[in-house]
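Subject: Structure handover

Hello,

Please find the structure below.

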Amino acid sequence: MLNLHDALKQADIDPALKEVLDTIASTCKSIGGKLRGGALSGVYGSESSENVQGEVQKKLDVVANALLKHALLNNRHVAGVASEEEDDVIGGGDEGRYLVTFDPLDGSSNIDINVSVGTIFSILPSPKPGSQITMDDFLQAGHQQVAAGYVLYGPAITLVLTTGQGVDMYALDYDGDFYQTHANISVPDSTQEFAINMSNQRFWEEPMQAYVGDLLLGEDGPIGKRFNMRWVASMVAEVHRILTRGGIFMYPWDKRDPAKPGKLRLMYEGNPMSFLIEQAGGAASTTRMPIMDVQPKQIHERVSVVLGAKEEVARVDQYHQNA
Ligand code: P6P
């Protein structure tokens, strides 16, 4: 079996980028170890603090963020990091040529109920290697990413990664190494499985209500086929399911907080997941444009997300274009 280190060695990518990816993978093993202990590890429950998103921080949010921040800022190839759990960007080594954005523990509301959570990361080129980075240096569209991936802490701990040459999947073995289980994953063009938080239905834009309404009509409706539904409330788990067996995932804008374009964050959720999905032959849209075309204006900005089977994403876009 090919392990991650050897797979990266064989990959035609910058050796410095390989070292950054190695750092992320080994840090996520430590995060997985803390999760494995469950309630015994003393990391269940919440802190008294809130993050910049206004969300109460889970203990493991803080632990995972600290582990990734420390490891990445001690990697000489990292020029800076941005985290869901940090108000501002943090500068790294002067010789670093890569910026890393991450959601240290996505889906953390699932930790205490023992449901899958994950770490999401995105790697961008530093626009001015050798000088102190600023927030503006991170504000690059998703197409500028040089690598992206996630580690899913589920029944198995899996790493899914792209460096722009397809999507590969690795599982963590008992010996503490990631071994490749799937290479060059592809998302089927069509699907009969959708994921959306239905409790928000009355808050969606009318075209989204119309589309989901037609999904629910199944074979008797205009889409003409029966759909199944899933909702894990952990984006990493949803995307992993789509990369593994297909589907469409949606977290659209809703009027609960009209000022926000969506719930999910562009820089460390929308963009990395869109890179993976597009590299696997799927599509990722805001319902108006490809997510990776969005020009970010601030590091924690949010985005409406529809991603997965390209025929189904195109249908959602059509409903919005016709509106
Ligand atoms: P809701 C987790 O908090 C997250 O950011 C994503 O991982 C997930 O898809 C979504 O929010 C769940 O949101 O509204 O169902 O709790």
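How many cavities of 30 Å³ or more are there by this rule? The count comes to one cavity. The rule works on a 1 Å grid over the protein atoms alone: a cavity is a set of points where a 1.4 Å probe fits but cannot get out, while a pocket is an open set with protein on both sides within 12 Å along at least five of seven lines, and lining residues have an atom within 4 Å of a point. Grid points are joined across faces, edges and corners, and a volume is the space filled by probe spheres set on the points.

This is a predicted model, in which local features need pLDDT of at least 70 and side-chain atom pairs count only at pLDDT 80 or more, whereas totals for chains, interfaces and linings use all residues. Residues are numbered from 1 along each chain as its sequence is written, and side-chain values use heavy atoms, with hydrogens and water left out.

The cavity

The largest cavity has a volume of about 30 Å³. Its lining is made up of Ala79, Gly92, Gly93, Asp94, Gly130, Ser131, Gln132 and Ile133. By class, two of these are nonpolar, five polar and one charged (Ala, Val, Leu, Ile, Met, Phe, Trp, Tyr, Cys and Pro count as nonpolar, Asp, Glu, Lys and Arg as charged, and the others, Gly among them, as polar).

The largest pocket

About 430 Å³ of space lies in the largest pocket. It is lined by 25 residues, and Gly107, Ser108, Ser109, Ala233 and Lys263 are the closest to its centre. Strand E5 (98-106) is one of the elements that give two or more residues to this lining, and E5 provides the largest share, three residues. (Strands, E, at least two residues, are DSSP runs numbered from the N terminus.) The lining has eight nonpolar, six polar and eleven charged residues.

The ligand

The space taken by the ligand is the largest pocket (a molecule sits in a pocket if more than half of its atoms lie within 2 Å of its grid points). Strands E13 (248-251) and E14 (264-265) each give two or more residues to the shell around the ligand. Of the 13 residues around the ligand, Asp106, Trp231, Met235, Tyr251 and Lys263 come nearest (a residue is near if one of its heavy atoms lies within 4 Å). Oxygen atoms of the ligand lie 2.8 Å from a side-chain N or O atom of Asp106, 2.7 Å from a polar backbone atom of Met235 and 2.9 Å from a side-chain N or O atom of Lys263.

Regards

Technical notes. A polar contact is a pair of N or O atoms within 3.5 Å; within protein, one must be able to donate a hydrogen and the other to accept it, and residues adjacent in sequence count only if both atoms are side-chain atoms. Helices (H or I, at least four residues) and strands (E, at least two) are DSSP runs, numbered from the N terminus.
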